[in-house]
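Please open the structure in a viewer with side chains displayed.

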Amino acid sequence: MKAARIYAEKDVRVEDVELKEVGAKDVKVEVAWTGICGSDLHAYAHFIGIPTEEHPLSKKQAPLTLGHEFSGTVTEVGSNVTSLKVGDRVCIEPNLRCGKCKECREGNYHLCRYSNAGFIGLADDGGFAEYCVLDEQYCHKIPDNMTLEQAALVEPTAVTYRGVAVAGVKPGDAVLVTGAGPIGLLTVLNARAAGASKIFVSDVSKERLALADSFGFVKTLNPMEDDVVGEIMKATDGNGVDVALECAGVQPTFNTCLEAIKRTGTVCVVAIFGKNPEIDAFQCTTKEAKIKFSLAYANIYDRVIHLIASGQVPAEKIVTNKIKLHNIVEEGFELLLNDKSQSKILVSAK
């Protein structure tokens with residue numbers, strides 16, 4: 001079968017590979033759609049997040065098949081599979097977990113100490129391929145009223161659903177989201193679904209802000225042109241937002257979040273920072289600010305599936321392009337690195 005394999009920095013090859021055999025607890029999924037994530041871009045551009053030594057759970061290392069945001073149809077099941085059958089349509093919950101460590105036993109399998117934030121499609125063979133064989137525990141059946149395109153968006157939506165939940169967004173809250181990339185835009189949609197009454201989005205990309213504007217309920221701000229904190233204070237009677245969700249991962253936006261929250265407000269970091277941010281401890285103290293961090297997701301996939309399928313979180317609005325697997329480097333990775341008008345690109349193996 002064809003698969004997009006990463007060998008090194010900026011070295012992704014679409015090539016023929018042999019698919020592993022279906023084990024007793026495995027299912028074989030014919031992949032329909034796979035989203036390109038920011039983590040995939042980091043892997044492609046800087047070879048970040050790819051094991052160069054054998055991963056303790058997957059037993060894999062580079063080269064391996066990328067892609068962790070994917071959906072498809074079950075075409076084969078192992079002898080001990082009980083939750084799925086041939087023909088079921090599924091989306092994948094790709095965070096690797098051992099199931100035995102303290103964190104896994106307590107239900108916090110996204111913090112599995114042996115996985116170390118490893119994912120199918122980053123630390124194991126993933127969805128940028130025609131097929132994927134994986135343990136049934138990673139597959140969730142989707143309802144009839146959900147498309148396979150929507151199902152490929154469950155994973156990033158789950159990231160942002162958890163971020164909004166960890167931040168404690170409540171009905172009536174004013175919320176700032178810094179960064180209008182795919183994660184930022186999905187955070188906006190989840191904050192709205194959680195009941196936020198005022199949502200501000202800041203980004204330096206006019207194209208991405210235009211996409212946020214199209215939602216119809218967002219106040220967009222460009223720090224290159226607008227006084228972001230000043231505008232927020234005007235709109236909130238000088239109080240600031242209840243919650244700021246950091247989805248850009250750079251120092252200036254982290255500072256904006258801290259400045260924009262009300263006294264006793266919350267900053268929740270959803271982005272992965274390439275460089276550790278500095279924290280103004282005095283400002284945090286005088287505001288009694290709460291700073292939280294959110295990683296991936298656990299025990300929420302069913303809820304996220306139904307939020308998307310019901311239209312409460314219209315995740316499909318962030319999709320800006322659909323491409324074929326054989327064009328993934330030029331029309332996928334390179335386009336996303338160089339064209340900030342793009343948001344979420346979905347890849348089809350067919």
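Begin by selecting E225 and K206, whose side chains meet in a salt bridge with an N to O distance of 3.1 Å; a salt bridge here is a side-chain nitrogen of Lys or Arg within 4 Å of a carboxyl oxygen of Asp or Glu. The two residues belong to distant parts of the chain, 19 residues apart: E225 is in the loop between β11 (218-221) and α7 (228-235), and K206 is in helix α6 (residues 206-213). Helices (H or I, at least four residues) and strands (E, at least two) are DSSP runs, numbered from the N terminus. Both E225 and K206 are exposed; exposed means over 50% relative accessible area, buried under 20%, and partly exposed in between (1.4 Å probe, protein chains only).

The model is a predicted one, in which local features need pLDDT of at least 70 and side-chain atom pairs count only at pLDDT 80 or more, while totals for chains, interfaces and linings use all residues. Residues are numbered from 1 along each chain as its sequence is written, and side-chain values use heavy atoms, with hydrogens and water left out.

Next, select D242 and K262, where a salt bridge joins the side chains at 2.8 Å, N to O. Because D242 lies in strand β12 (residues 241-246) and K262 in strand β13 (residues 261-269), the pair ties together parts that are 20 residues apart in sequence. D242 is buried, at 17% relative accessible area, whereas K262 is partly exposed at 27%.

Now move to K60 and D124, a salt bridge whose closest N and O atoms are 3.1 Å apart. K60 is partly exposed, with a relative accessibility of 25%, and D124 is buried, with 13%. Across the whole structure, a search finds 18 salt bridges.

Finally, select I120, in the loop between α2 and β7. Is this residue, I120, buried or exposed? I120 is buried, with a relative accessible area of 3%. Leaving aside residues up to four places away in sequence, I120 touches G67, H68, F70, P94, L96, D125, G126, L134 and Y138, contact meaning heavy atoms within 4.5 Å. The C-alpha atoms of I120 and L96 are separated by 6.6 Å, with the residues 24 apart along the chain.
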